[in-house]
Amino acid sequence: MRKRELKNIEWSLLIVAMILCVIGLVALFSATQETEYDDFNKQCIWLSVSLVIMVVVMLVDYEFLTKISPICYGLFILLLIAVLFTSPVNGATSWFAIGFFSFQPGEFAKVFVILFLAFAINKIQGRNKKEINKPTKLFILLAILGLPVLLIVKQPDYGTAAAFMVATALMLITAGIDKRYILVISILVVISVPILYHFILPEHAKKRIDIFLNPESDPRGSGYNIIQSKLAIGAGGLTGMGLLKGNQTQLGFLYPKTTDFIFAVIGEEMGFIIAGTVIILYVLLVTKCLYVAKTAKDQTGALIASGITGIFLFHMVENIGMVMGLLPITGVPLPFISYGGSSLITNFICIGLLLNISSKRQKTIFVK
């Protein structure tokens with residue numbers, strides 16, 4: 001990598017990601033003392049692996065990665081089909097168990113769907129940016145999205161499926177999709193919500209929505225986790241109860257405390273100041289992602305950065321929202337903080353791509 005490219009890199013992205021990782025590791029250390037810090041130790045290993053992979057992704061030209069994305073997309077479609085035939089874990093067939101490592105193809109698929117969509121949008125538009133607004137061309141892009149989304153819903157993993165859709169929406173807006181499509185889609189979403197709830201969603205998904213609206217209706221059953229999460233956050237106060245001292249965290253009332261509800265651990269044991277800092281860091285991360293998209297040297301870079309922005313934005317809003325009882329529980333991890341090798345590696349691949357894109361941008365020349 002040339003000296004000029006190193007200077008152009010948006011290093012603040014990596015700094016924010018590492019601060020979030022440190023906060024996550026501290027929370028995991030406290031939350032895993034009864035298991036002799038098993039998940040904490042594994043997360044340290046995954047962090048080391050993730051940083052190595054991030055450097056590799058940062059050094060390989062993102063345009064090359066975009067060109068080979070159709071092959072990677074096809075490979076992960078096959079993996080998403082194959083994972084449906086594995087043994088369910090917590091009711092979902094989302095993981096391949098390989099020794100002590102559980103590989104979640106849905107997480108890695110996010111990256112390759114974004115790359116392939118960027119590739120497809122560029123091919124469709126060519127020299128005419130308005131080509132994307134032709135119904136047939138737009139249908140092709142939606143089909144690229146629809147196949148992995150349907151397979152992920154089949155697992156079922158509604159949170160990851162929703163993340164795909166948010167990422168695609170931001171990419172289409174970046175590509176210049178006509179506002180009329182945005183209006184039509186918005187209207188269709190509003191109309192389809194009650195139809196999906198009453199006629200399509202399975203009972204367990206309906207129950208999650210019902211519990212979100214009224215968790216006290218089943219305080220010892222489906223509403224238990226969210227009630228304990230809200231109690232944990234509320235008990236933390238301004239400065240927290242202290243590491244290894246949270247009641248809900250240490251007495252086993254909060255579950256799963258290392259993945260879905262890790263933010264509740266932070267709120268209870270580290271308090272509002274650190275929990276608020278985490279939210280500020282995510283806002284900064286998303287803002288920097290958008291800045292990379294805005295200053296990218298070409299549309300390919302802008303599209304990839306926009307898609308990654310959508311992934312980070314959805315995961316941050318959904319995870320923190322569900323932990324605080326503001327959104328339905330979907331089981332999406334909190335980026336860089338929740339325990340999970342597949343999630344952490346995927347997040348750092350995204351950071352590597354953003355650093356890669358930012359390194360190729362041209363400095364703005366200001367004329368007095």
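**Figure 1. Phenylalanine 336 in the loop between H14 and H15.** In this predicted model, phenylalanine 336 sits in the loop that runs between H14 and H15. Its phi is near 70°, a positive value in a residue other than glycine. The relative accessible area of phenylalanine 336 is 3%, so the residue is buried.

**Figure 2. Glycine 325 in the loop between helix H14 (299–323) and helix H15 (341–360).** Glycine 325 is located in this loop. With 22% relative accessibility, glycine 325 counts as partly exposed. Apart from its neighbours within four places in sequence, glycine 325 is in contact with Phe212, Ile226 and Lys230. Between the C-alpha atoms of glycine 325 and isoleucine 227 the separation is 8.1 Å, although the two residues are 98 residues apart along the chain.

Figure 3. Tyrosine 37 belongs to the loop between H2 and H3. Its phi is near 60°, which is positive although the residue is not glycine. Tyrosine 37 has a relative accessible area of 24% and is therefore partly exposed. Threonine 35 is also placed between helix H2 (11–31) and helix H3 (38–59), and at 40% relative accessibility threonine 35 counts as partly exposed. The C-alpha atom of threonine 35 is separated by 32 Å from that of glycine 352, a residue 317 residues away along the chain.

**Figure 4. The loop between helix H12 (247–250) and helix H13 (262–295), with proline 256 and threonine 258.** Proline 256 is found in the loop between H12 and H13. The peptide bond joining tyrosine 255 and proline 256 is cis, with omega about -10°. Threonine 258 lies in the loop between these helices as well. Is threonine 258 buried or exposed? At 12% relative accessibility, threonine 258 counts as buried. Not counting residues up to four places away in sequence, threonine 258 touches Leu28, Ala31, Thr32, Asp39, Ser338 and Tyr339.

**Figure 5. The cis peptide bond between glutamine 155 and proline 156.** Omega of this cis bond is about -5°. Proline 156 occupies the loop between helix H7 (135–154) and helix H8 (158–175).

Figure 6. Zero disulfides are found in a search of the whole structure. Cysteine 21 is in no disulfide, and the nearest cysteine sulfur, that of cysteine 44, is 10 Å away. Cysteine 21 has a relative accessible area of 4% and is buried. For cysteine 350, the closest cysteine sulfur is that of cysteine 289 at 8.5 Å, which is too far for a bond. Cysteine 350 is buried, its relative accessible area being 2%.

**Figure 7. The whole protein chain, for orientation.** The chain contains 15 helices and two strands. Its radius of gyration is 21 Å, close to the 21 Å given by the globule rule for 368 residues, so the chain is as compact as a globular protein of that length. Along the principal axes the C-alpha trace spans about 60 × 55 × 45 Å. Buried residues account for 50% of the 368 residues. Of the contacts between residues at least 6 apart in sequence, 73% join residues at least 24 apart. The 30 positive and 21 negative charges have mean positions that are 14 Å apart.

Methods. Residues are numbered from 1 along each chain as its sequence is written. This is a predicted model: local features need pLDDT of at least 70, side-chain atom pairs count only at pLDDT 80 or more; totals for chains, interfaces and linings use all residues. Side-chain values use heavy atoms; hydrogens and water are left out. Helices (H or I, at least four residues) and strands (E, at least two) are DSSP runs, numbered from the N terminus. The radius of gyration is taken over C-alpha atoms; the globule rule is 2.2 Å times the number of residues to the power 0.38. Buried means under 20% relative accessible area, exposed over 50%, partly exposed in between (1.4 Å probe, protein chains only). Contact means heavy atoms within 4.5 Å. Lys and Arg count as positive and Asp and Glu as negative; His and the chain ends are not counted. The place of a charge is taken as NZ of Lys, CZ of Arg, CG of Asp or CD of Glu. A disulfide is a pair of cysteine sulfur atoms within 2.5 Å.
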